[in-house]
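User: I'd like to learn how to read a fold from its coordinates, one feature at a time. Could you walk me through this one?

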Amino acid sequence: MRFRRKRQVQEAAELNITAFMNLMVILVPFLLITAVFSRMTVLELNLPGPQTEQESSEQPLDLQLQLLVSDDDLVLRDANIGVITRLERTDDEVQWRQLREALIEIKQRFPDETGIALRLAPGVSYNTLIQVMDRVGSTQQVQLGTLERVELFPDISLGDAPTDREGSA
């Protein structure tokens, strides 16, 4: 008796990747779209280190210029020394001219300073914010008979105005 061997034909197993491809078609665009909206924000904080009274009295104070914007007035101040000038809010150009003159004077005293913090009261409109940002960043000034754009404080940071408990003025 002779045994016959059956040849078993082994076919190469095909990998069914249809389900995986369907997943990738949906997942990749979704990840790309959401990646655009998830940006990291990094705040650079320069916190003061421990100092003795002698060290703090020897070093001159840095300018920490702030402009408090409310519905009633504009208060230009330094965080270290207090109020520099207070301007009544009106709709005419007088307030903006006075603000410009004060900022130019501060810039002449501190030519290397480029930062200002705008601290806004809750009721301040977006239009007012844009007007203030335009005016503190740069201005036009006559120099040597020509009208030139002068950089004032282009590094603008935004925040909420302090409450009365925090010492607003």
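User: Let's start with a single residue. Which residues does Leu 65 touch, not counting residues up to four places away in sequence?

Analyst: First, some ground rules. This is a predicted model, where local features need pLDDT of at least 70 and side-chain atom pairs count only at pLDDT 80 or more, while totals for chains, interfaces and linings use all residues. Residues are numbered from 1 along each chain as its sequence is written, and side-chain values use heavy atoms, with hydrogens and water left out. Contact means heavy atoms within 4.5 Å. On that basis Leu 65 touches Leu 76, Arg 77, Asp 78, Ile 84, Leu 103, Ile 106, Gly 115, Ile 116, Ala 117 and Phe 153.

User: Which residues of the largest nonpolar core touch the most other members?

Analyst: The general idea is that in soluble globular proteins, nonpolar side chains tend to be buried together. A nonpolar core here is a set of buried Ala, Val, Leu, Ile, Met, Phe, Trp, Tyr and Cys residues joined through side-chain atoms within 4.5 Å. Buried means under 20% relative accessible area, exposed means over 50%, and partly exposed is in between (1.4 Å probe, protein chains only). The largest core has 23 residues, and Leu 65, Leu 67, Leu 76, Leu 103 and Ile 116 touch the most other members. Two or more residues come from each of strand 1, strand 2, helix 3, strand 4 and helix 4. Helix 3 gives the most, with six residues.

User: Where do those element numbers come from, and what is the strand order of the open sheet?

Analyst: Helices (H or I, at least four residues) and strands (E, at least two) are DSSP runs, numbered from the N terminus. Strands of a sheet pair through backbone hydrogen bonds, either parallel or antiparallel. For counting, two strands pair if DSSP finds at least two bridges between them. Here five strands form an open sheet in the order 3-2-1-4-7, with mixed pairing. Strand 3 (82–88) and strand 7 (155–160) are the edges, each pairing on one side only. Inside the sheet, strand 1 (residues 65–69) and strand 2 (residues 73–78) run antiparallel, joined by five bridges.

User: Which strands does helix 4 lie across?

Analyst: For the angle, axes are lines fitted to C-alpha atoms, for helices over the stretch in contact, and angles run from 0 to 180 degrees between N-to-C directions. Helix 4 (residues 126–137) lies across strand 1, strand 4 (115–120) and strand 7, running at about 165 degrees to strand 4. Take Val 136, which is found in helix 4. Val 136 is buried, with a relative accessible area of 0%. Leaving aside neighbours within four places in sequence, its contacts are Leu 67, Leu 103, Ile 116, Leu 118, Leu 152, Phe 153 and Ile 156.

User: How many salt bridges does the structure hold?

Analyst: Start with the cut-off: a salt bridge is a side-chain nitrogen of Lys or Arg within 4 Å of a carboxyl oxygen of Asp or Glu. The structure holds two. In one, Asp 73 pairs with Arg 86, the closest N and O atoms being 2.9 Å apart. That pair links distant parts of the chain, with Asp 73 in strand 2 and Arg 86 in strand 3, 13 residues apart. Asp 73 is buried at 14% relative accessible area, while Arg 86 is partly exposed at 44%. In the other, Arg 109 and Glu 105 have their closest N and O atoms 3.0 Å apart. These two are four residues apart in helix 3 (residues 94–109), so about one helical turn separates them. Arg 109 counts as exposed at 62% relative accessibility, and Glu 105 as partly exposed at 41%.

User: And Asp 78: what is the nearest side chain of opposite charge?

Analyst: Lys and Arg count as positive and Asp and Glu as negative, with His and the chain ends not counted. Asp 78, found in strand 2, is buried yet has no salt bridge; Arg 77 is the nearest side chain of opposite charge, 7.9 Å away. Beyond four places in sequence, Asp 78 touches Asp 62, Leu 63, Gln 64, Leu 65 and Ile 84.
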